[in-house]
Amino acid sequence: MVTKTVMNPEERRRELLACAMKLFAEEGYDNVSVRAVARAAGVAPGLAYHYFDSKEKMFAEAIEDYARRCAESICELLDDNNLSLDEKLEQALELGASDDYPYATFFHTEGHGALHDRLSLAMCEAVRPHLRAALEADAARWGGAAPDADELAAIMVYACVGLASGPNMPDEAAVAAARRYLRALLAEFRKGSTAD
């Protein structure tokens, strides 16, 4: 008799997405099906189709889930109230520039530029609200307002993710440029937030 493992539906969904991402990275999009993911996860194909009605939807959600997981450590860092904003930005830049992500080779392989860009955009969307909150907390710490926090978070995140996740990373020159411009943007933000 086979014992079935009962999982919380969200936990099962996350397991399927992780399995899907692994297969897409190892075998390529064209060589993976929803059935193959179900088989690798040890579940019935019908269950996989219950969560994802097509391979395209499964792939899109796998990328989004992977981006959130890649961004988790940066988001946690930005949420850390024991660090100054300057420390958060410095450490976030270092984390983002590392190539210590699972499947980094897959996303940096020639011909996968569109997938890399899609992942980068998803990471930006995951990080942006955390950076906005960190900017708002910094402005409050200095006794000012942060009316442009959302715009500045977008500028910082999209620029840095683009620089820090390029195909030749880690690229010290790109990281140094990002660091220099982040400092300049932060100085301008602080000047504007205290100029009431």
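Visitor: What percentage of the 196 residues of the chain count as buried?
Guide: This is a predicted model, in which local features need pLDDT of at least 70, side-chain atom pairs count only at pLDDT 80 or more, and totals for chains, interfaces and linings use all residues. Residues are numbered from 1 along each chain as its sequence is written, and side-chain values use heavy atoms, with hydrogens and water left out. Buried means under 20% relative accessible area (1.4 Å probe, protein chains only). Of the 196 residues, the buried share is 42%.

Visitor: How many helices does the chain have?
Guide: Helices are DSSP runs (H or I, at least four residues), and strands are E runs of at least two, numbered from the N terminus. The chain has zero strands. Its helix count is nine.

Visitor: Which residues does V37 contact, leaving aside its neighbours within four places in sequence?
Guide: V37 is one of the buried residues of helix α2 (residues 34-41). Cover for the buried residues of α2 includes α1 (9-27), α3 (45-51) and α4 (55-78). Contact means heavy atoms within 4.5 Å. By that cut-off, V37 touches L16, C19, A20, L23, V32 and M58.

Visitor: Which residue just after α2 takes a positive phi?
Guide: Helix α2 covers residues 34-41. Just after α2, a phi of about 75° belongs to G42.

Definitions and conventions:
Buried means under 20% relative accessible area, exposed over 50%, partly exposed in between (1.4 Å probe, protein chains only).
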